[in-house]
Amino acid sequence: MPWNPFVTKNSDSFRAILFLLPSWILLLLFIAGPILMTFYFSFTNMSLTGSAAQNIEFIGFRNFVKMFSDPTFQTSVMNTILFLIFSAIIGQQILGFLIAFLMKERAVHFRRIIGVLVLAGWITPEIIVAFIWFAFLSNEGTLNYVLGWVGIAPVAWLFKFPMVSVVVANIWHGTAFSMLVYQAALDDVPKDVEEAAKIDGANGWQRLWRIILPMIRGSVMTNMVLITLQTLGVFTLIYALTGGGPGTQSETLPIFMYDQAFINYQLGYGTAISLVLLVIGIIASLLYVKFLKVEI
């Protein structure tokens, strides 16, 4: 029988589909399925109790109209964006890179000591991180106790500066992840390229800006996407530390969504809020890809 390239190509394609079929089914069940269900429930009056819990009705865009006319939702969106920018994009990103850069080519024992100290914050559960920072920032906490040694009156940090408090706590908790990403990326930068630039007269800042950063651009984009999605979902840390207050000063979208879905029993409204959170994550990720000009 003569060799037929088309028959061979079709057979290979069929075998490839068979091998990929289990992963496609898993993706549909555990990734696409919940997203589609969230999308549907956001257009319903689904409730945690009452008649709407048993007889779910399609109510169109009513949840979204209610949401966008709610001043608390607008405040939550602004708080979420501020929390994301200062704790993840600026805080974790820059601090993680600086620690990784300063540890580059240092002695192994020095890198291990610093690495363990930073990783301690990352491996600590979010609820424990909240209690640690509550003990540090509360009225009778460690910070006020130390300030009392130099005659400074106690400050109600969690009441006067709630957003700053949760931002600092999240930076402490999440910086280690960025540090690990940048450590791996910086170790992959060829030393001979840096040495050649140094011989050509490039100073430290020029080598960092023109050689190192462009070469690790893909890692920067990956890290920004991951810490953004992680930060958008932070709930326990803020809820245990400030409860979203005082008032709505530190209320982010996850806190607002929890209040509406499980305190006010409006599950349909809560899923509509979660859909907005998902859209913010997608928009942020697309912006990173565009500005960093990374091919995916």
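Predicted model: local features only at pLDDT ≥ 70, side-chain atom pairs only at ≥ 80, totals over all residues.
## Helix 9 meets helix 12

Helix 9 covers residues 162-187 and helix 12 covers residues 217-232; their axes come within 10 Å and cross at roughly 160°. Angles over 145 degrees count as roughly antiparallel, and helix 9 and helix 12 are therefore roughly antiparallel to each other. The crossing of helix 9 past helix 12 is right-handed.

Who does the touching? On the helix 9 side you'll find Asn-170, Phe-177, Ser-178, Val-181, Tyr-182 and Ala-185. Helix 12 answers with Ser-219, Val-220, Asn-223, Leu-226, Ile-227 and Thr-231. Sort the residues of this contact by class and you get 7 nonpolar, 5 polar and no charged ones.

## A look at Gln-260

Now hop along to helix 14, residues 253-263, where Gln-260 sits. Is Gln-260 buried or exposed? Its relative accessibility is 10%, and buried means under 20%, so Gln-260 counts as buried.

Leaving out residues up to four places away in sequence, Gln-260 touches Tyr-265, Gln-266, Tyr-269 and Ile-273.

## The whole chain

Zooming out, the protein chain has 15 helices and 0 strands. Its radius of gyration is 25 Å, well over the 19 Å that the globule rule gives for 296 residues, so the chain is more spread out than a compact globule. The C-alpha trace spans about 80 × 65 × 30 Å along its principal axes.

Of the 296 residues, 40% are buried. And if you take the contacts with a separation of 6 or more, 69% of them link residues 24 or more positions apart.

Technical notes. Residues numbered from 1 in each chain as written. Heavy atoms only, no water. Helix = DSSP H or I, 4+ residues; strand = E, 2+ residues; numbered from the N terminus. Buried < 20%, exposed > 50% of the residue type's maximum accessible area, 1.4 Å probe, protein only. Contact = heavy atoms within 4.5 Å. Axes fitted to C-alpha atoms, helices over the stretch in contact; angles between N-to-C directions. Parallel < 35°, antiparallel > 145°, perpendicular 65-115°, else oblique. Left-handed = near helix turned anticlockwise from the far one by under 90°. Nonpolar A, V, L, I, M, F, W, Y, C, P; charged D, E, K, R; others polar. Rg over C-alpha atoms; globule rule 2.2 N^0.38 Å.
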